[in-house]
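Work through the exercises below with the sequence and the model in view. Each task is followed by its solution.

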Amino acid sequence: MVLQLALGIITAIGGFLDAGAIATSALAGALFGFQLIWAVLLGTFCVILLTEMSGRLAAVSHHTVADAVRERLGFRYFAIPLVTELLQDVLVLSAEIGGLSVALHLATGFDYRIFVPLVALFLWALLWFGSFSLIENGVAFVGLIALSFVVGSFITPPPWNEVARGAIPSLPLKDSGQYWLIAVSVVGSVLEPFLLNFYASGAVEEKWTVKTLGMNRAIAGLGMSFGAIISIGIVILAALTLGQRGIRVDSFEQVVLTLVAPFGEWGLSLFVASLAIACLGAASDVSLNMSYAVSQGFGWNWSENLKPHEDARFACVYTAAIPAAALVVLFFDPLNVTMIAMALNAVIAPLIVFPLLILMNDTAYLREHTNGPIGNVLVAVVIVLACLFGLVAIPLEVLGG
Amino acid sequence: MVEPLPLVRDVLDKQIYDVNHDKVGKVDGIVLIPRQGRPLRVAALQSDMPTAWRRVWQRLGDWVERLQQKLAPDLASPTRIAFEHVVRSGIDVDVDIDAKRTNAYGWETWLRRRFVEKMPGGKGSGEKGE
């Protein structure tokens with residue numbers, strides 16, 4: 001049980017950190033110092049709340065979010081989040097493939113585009129041959145190297161009182177369009193809609209039951225909180241290294257400086273490893289989620305633990321999605337794709353979060369484990385926030401450049 | 001007294017499980033038969049993609065059907081399960097037939113033969129790591 005809990009927490013940390021979290025946190029720190037730490041905390045609070053609920057839904061009913069949304073709200077509603085989430089997942093996947101390719105470019109000096117097909121092939125092979133636990137636990141364990149960002153922020157200690165002040169939301173002192181765009185993107189990078197169904201699918205894969213509800217709470221709470229600490233570490237290091245030198249992040253290469261400053265020549269290797277593993281973990285999660293969402297939505301056989309021969313339709317979904325995502329990043333800059341994907345996360349979040357409020361009050365699924373009044377109020381607040389962010393994300397994308 | 005069964009709430013869109021508890025598909029449609037001077041009779045559950053997409057937009061369902069016919073004309077008919085085979089409904093629908101004896105896995109088999117079995121490691125069955 002303790003081992004399962006530890007593995008779950010490590011996996012949650014791995015699931016938290018990806019190209020989007022690294023890019024948006026670095027951009028936030030470089031441009032606005034510690035002022036946007038509140039956005040990381042807000043996103044983390046929302047994601048803890050929602051993943052705990054999707055895990056509870058899966059543990060009690062053995063139905064995932066996609067399953068239950070279709071069954072409870074019908075195909076006419078389900079088709080909207082399904083199609084938008086698939087399009088968004090392709091964009092997020094291309095950001096992750098781009099991030100991993102950039103990591104290999106940083107390690108070798110070759111153009112990142114050379115690595116895009118190789119990364120796509122490696123990712124496909126990992127999903128085709130690997131089991132769920134191998135992919136999740138294996139990648140997440142190696143991904144703990146991203147703790148370098150936390151260690152780094154202690155080696156070059158920031159003014160902690162200013163860091164603490166950044167935890168309280170404040171109005172921008174300059175560039176308000178860009179400030180709010182990055183704030184929305186930071187929240188979007190944490191509150192990735194695909195995480196909800198992926199987390200629930202993982203719970204069904206791992207055969208969670210009502211007995212594991214406590215573990216679900218601990219994994220969602222502790223895992224996501226540890227992940228947030230890494231993101232805050234990136235904001236701090238970006239503020240101290242990039243911000244103080246007036247560097248405006250327009251490529252992943254500049255973010256390397258966040259680890260070179262505290263670790264010297266080891267900084268590059270640590271950054272390459274952190275970016276590569278974070279992107280690989282997130283790329284496998286988002287690819288699997290596309291297969292999960294489609295298979296569950298149409299009632300097909302699905303499990304990453306089964307060989308592709310047993311669930312051909314499930315395997316064919318990620319097999320089609322990976323090259324499509326790789327094509328996007330061949331033609332567009334990986335950092336731009338990442339920033340757009342993160343802002344659009346905020347746009348589609350309400351479509352996924354709203355049904356959760358209905359599902360979490362349905363005794364047919366949750367029996368006696370439905371939401372209490374506090375849980376419902378908190379989800380309602382998240383829905384309002386998600387709608388607000390969704391409404392402003394696209395205008396801000398235009399205004400904030 | 002027979003309990004009334006709310007078809008839209010307890011049957012439509014639910015997951016169908018066969019007698020071996022294998023997934024058959026979702027209930028994408030319900031086939032009703034009109035009867036002279038009597039209420040409609042529930043004839044069958046229907047599971048296929050065009051039926052589902054037609055509920056969103058008629059033309060979308062037609063496009064999906066045309067695509068299916070182009071890919072594999074033999075497989076383009078929907079899976080229908082006579083309503084007498086429904087043994088339980090709630091958040092799932094259980095039926096007392098073996099799905100392998102229906103055309104429910106037609107597309108699964110088509111993809112398996114056309115694509116999966118041609119890829120490395122695509123012929124092995126069971127769980128990964130076995």
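**Exercise 1: the largest cavity**

The largest cavity holds about 340 Å³ of space. Here a cavity is a set of points on a 1 Å grid over the protein atoms alone where a 1.4 Å probe fits but cannot get out, and lining residues have an atom within 4 Å of a point; the volume is the space filled by probe spheres set on the points, which are joined across faces, edges and corners. The model is predicted: local features need pLDDT of at least 70, side-chain atom pairs pLDDT 80 or more, while totals for chains, interfaces and linings use all residues. Residues are numbered from 1 along each chain as written, chains are lettered from A in the order written, and side-chain values use heavy atoms, without hydrogens and water.

Task: state which residues lie nearest the centre of the largest cavity, and which element gives the most to its lining.

Solution.
1. The lining has 21 residues; Gly8(A), Thr11(A), Phe132(A), Tyr199(A) and Trp208(A) lie nearest the centre.
2. α1(A) gives the most to this lining, with 6 residues. (Helices are DSSP runs of H or I, at least four residues, numbered from the N terminus.)

**Exercise 2: the interface**

Task: find how many residues of chain B are in contact with chain A, and how many salt bridges the rule finds across the interface.

Solution.
1. With contact meaning heavy atoms within 4.5 Å, 36 residues of chain B touch 36 residues of chain A.
2. The rule finds 6 salt bridges across the interface, each a side-chain nitrogen of Lys or Arg within 4 Å of a carboxyl oxygen of Asp or Glu.
3. Asp28(B) and Arg70(A) form a salt bridge through their side chains, at 2.7 Å from N to O.

Technical notes: 1 Å grid on protein atoms, 1.4 Å probe; cavity = no way out; pocket = protein on both sides within 12 Å on 5 of 7 lines; lining within 4 Å. Helix = DSSP H or I, 4+ residues; strand = E, 2+ residues; numbered from the N terminus.
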